[in-house]
Structures are given as C-alpha cells and as structure tokens.
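The following note is intended for a reader new to this structure. Please view the sequence and the model before reading the points below.

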Amino acid sequence: MRLKSINHVEPGDALGKAVYDDKCQLLLARGVALTDGYIDRLKKSNIHCVYVNDELSEGLEFDNVIPDEVKVQSVNVVRNVFKDITGRKGVSLSNEGVEAIKDIIDEMMGLIYSNKDTLYVMTELMGTDMYTYNHSAEVAILAMLVAKSLGLNNQYIQKVGIGAMLHDIGKMKIPNEVLNKVDTLSDDEFKLIKEHASLGYDLLKESLTISPISRQIVLLHHEKLDGKGYPMMLDSEDIPIHVRIVTICDIFNALVSNRAYREKMSVDTALETIRAEAIYQLDREIYYHLIKVVNIYPVGTIVELSTGDRGIVIKENKEAQTRPIVQVIREQKKAEIINLLNDLTIFITKTVES
Ligand SMILES: [Fe+2]
C-alpha cells in the first residue's frame with residue numbers, strides 16, 4: 001500500500017484504505033478497484049491522494065497508533081461540535097459537545113498508551129473540504145503524543161488533547177470567504193482571522209467543565225517565543241508548555257495537509273522547514289519530541305536516495321527513522337534492497353510525491 005496522487009492513480013489500482021466523504025460517511029471501501037468513474041468522483045470530492053495497492057506496493061502495510069476508524073470518528077466529533085455553533089450568534093459549546101470530545105480524547109489516550117512503541121502516520125482519508133475538522137483531530141493526536149513523550153501525566157495529557165481539538169473553534173465565527181480566501185488577505189481580513197483565538201476562548205466561557213489548561217491553548221496557540229505572536233504578544237516565559245506543544249503541532253500539521261489552494265509538504269520537508277525557518281519562535285525540546293512520535297517515512301513511502309535512485313520504504317528502523325530499509329525502483333520495477341542502517345554512505349534526500 002502506498003499513498004498516490006489522485007492525478008497518478010490508474011483504473012485497476014485497488015484502494016488500500018477506505019475514503020470518506022464530507023459527512024465522514026464511507027465514500028469508497030478498502031479493496032475497491034478504481035475505475036474512471038470512481039476516480040472522477042474522488043476528484044469531485046476534492047480528494048488529492050488515496051492509498052492504493054499497486055504492483056510496487058503490494059503487501060506493504062504500516063502500523064498506526066490510532067486506527068483509521070477511530071480517527072474518522074474523532075473528525076466526526078469535531079465536525080458535529082463545530083457545525084453546531086457555526087453561524088449562530090452568542091451560542092457557546094453544548095454540554096453534549098464537551099462530553100463527546102472528552103470521550104473520544106479518552107479513547108485515543110487509551111490507544112496511545114497501549115500502542116506506545118508505534119509511531120503516528122498522518123493518513124489522508126478525506127478531502128480538503130474537511131480540512132478544519134481533520135486538522136483539529138490530528139493536532140489533538142499529535143499534541144497528546146508529544147505530551148506523553150515529554151513525560152506529562154495523563155490528566156495533563158487529556159487537557160492538552162481537549163484544548164488541541166478545540167484550538168481553532170473560533171474560526172467557526174469567521175466568514176468562510178475570508179477563511180478560505182486563495183488570494184492575499186487584506187490587513188482587515190488578516191486582523192479578522194487573528195480574532196479566532198479570542199473568539200474561541202469566548203465560546204468556551206460557559207463550558208465550566210473545560211479546564212483552564214485547555215482554554216489557554218485555545219486563546220494562546222498563536223503566541224510565539226520571540227514575542228511576535230497574537231493575540232497578546234506574550235514573552236516566552238509567559239507561554240506555558242501545553243500551549244507550546246499545540247503551537248508546534250498546529251504549524252506542522254498545517255504544512256503536511258493538502259488545502260484547496262496548495263499541495264501539502266512531505267513530512268521530512270515540513271520538519272526541515274520548521275527547523276530552518278521557524279525554530280527560533282518555537283520550543284526546540286518540543287520539536288525534538290515531535291520528531292520522535294511522527295513516522296517520517298512510513299512503509300510504502302517513495303523516496304529519492306543520494307545515489308539518484310528512487311526506492312520504496314519496505315521496513316522502518318524505529319531507532320533511526322531516517323535510515324529505513326528501501327527497495328530500489330528501476331523502470332517501475334523493484335530492484336535491490338538496501339538497509340540504510342548498514343550502508344551509511346547512502347541516505348534519503350527527499351520524499352517523492354507520486
Ligand atoms: Fe489557529
């Protein structure tokens with residue numbers, strides 16, 4: 001199984017994972033052989049990539065901390081909670097909404113504790129219309145994994161998860177035309193978007209069962225360590241660890257997600273981009289924990305090697321993520337196998353989107 005761009009899939013490719021629509025309902029099941037009609041339907045649903053089993057990737061599978069069904073369920077919870085307040089004035093989060101979020105966070109925490117040696121693969125199971133909900137669920141998963149890696153206790157991790165899941169809830173109060181605008185934003189529009197942090201915090205005012213830790217995450221997740229964030233331009237010493245965790249996971253997940261107006265970055269490129277361009281605004285220690293919990297080259301990833309060859313990852317080396325076992329591909333055929341842990345003269349130069 002490997003992730004393939006919708007522009008490169010071919011009739012006959014079998015889906016390696018199910019695909020879901022904008023109501024979190026099954027659109028096409030795992031195992032379905034793609035036809036021109038299905039490919040058309042996927043494109044119309046704004047789906048950029050799908051997992052397929054083709055000749056190159058047959059039999060390759062990866063483990064994940066959070067199974068697809070639970071992830072889809074979590075996206076659906078966010079969707080219901082966010083939709084419930086969209087376009088309604090003066091409404092705050094309902095008690096049922098808060099309970100639904102707590103339940104799914106607890107379920108995911110259980111999985112994080114029981115699959116503690118498994119890395120997280122950011123899977124693409126739905127289209128870009130679901131970006132906000134999918135992003136919220138993934139930032140919650142990443143933030144909980146990072147919080148656990150940092151050694152925080154489970155009550156703390158739960159609060160981080162809830163705050164992370166709700167971090168962008170204030171966006172539901174901002175017009176879609178502004179949120180999804182492809183062209184450059186005007187100063188006023190940018191100012192409006194920035195208000196989502198305080199708008200989100202206000203939405204949670206009445207929800208007494210949401211902890212101050214989760215609320216702070218919603219209010220402060222765009223603060224930066226150089227004092228240039230918003231809404232309060234806090235100095236680094238005033239930005240707590242739970243906020244710093246969500247800030248990094250938020251930026252990282254946004255970079256690796258397909259949007260209606262731009263293609264995603266690969267995981268390795270996104271991590272490198274954050275390191276090169278934004279690390280001075282972020283917490284370095286948390287960044288290193290993020291690298292530890294994310295699967296950078298899941299089995300099935302096509303990579304370019306320093307030799308100029310392309311290869312497909314056939315087995316991960318969990319202790320040294322950047323040195324997996326790779327099978328070289330020549331003329332669309334599988335060639336020799338290289339264990340990058342044994343052959344230190346060769347390294348991965350980049351992930352190849354195909
Ligand atoms: Fe945000």
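How are the donor residues of the iron ion spaced in sequence?

1. The donor residues of the iron ion follow the spacing D-x27-H-x24-H-H. Within this set, D168 sits in the loop between α5 (154-165) and α6 (176-179), and H221 in the loop between α9 (212-220) and α10 (241-255). These two residues are 53 residues apart, and the pair links distant parts of the chain. Helices here are DSSP runs of H or I with at least four residues, strands are runs of E with at least two, and both are numbered from the N terminus.

2. The model is predicted: local features need pLDDT of at least 70 and side-chain atom pairs count only at pLDDT 80 or more, whereas totals for chains, interfaces and linings use all residues. Residues are numbered from 1 along each chain as its sequence is written, and side-chain values use heavy atoms, with hydrogens and water left out.

3. The protein donors of the iron ion are D168 (OD), H196 (NE2), H221 (NE2) and H222 (NE2), at 2.1 to 2.3 Å from the ion. Donors are N, O and S atoms within 2.8 Å of the metal (3.2 Å for Na, K and Ca); water is not among the atoms, so sites may look incomplete. The arrangement is irregular because the 4 donor atoms subtend angles of 83 to 172°. Four donors count as tetrahedral if all angles lie between 85 and 135 degrees; four count as square planar and six as octahedral if opposite donors are over 155 degrees apart and all others between 65 and 115; anything else is irregular. Both D168 and H221 are buried (under 20% relative accessible area; exposed is over 50%, partly exposed in between, with a 1.4 Å probe and protein chains only).

4. An open sheet has 3 strands in the order β1-β5-β2, with antiparallel pairing. Its edge strands, β1 (2-5) and β2 (14-15), each pair on one side only. Strands pair if DSSP finds at least two bridges between them; 4 bridges join β1 to β5 (residues 49-53). R2 has V52 in β5 as its bridge partner.

5. Some backbone details deserve attention. The peptide bond from Y230 to P231 is cis, with omega near 5°, and P231 lies in the loop between α9 and α10. E331, which is not a glycine, has a positive phi of about 50°. The loop between β8 (325-330) and β9 (333-339) holds E331, which counts as exposed at 77% relative accessibility. Q332 lies in the loop between β8 and β9, with a positive phi near 65°.
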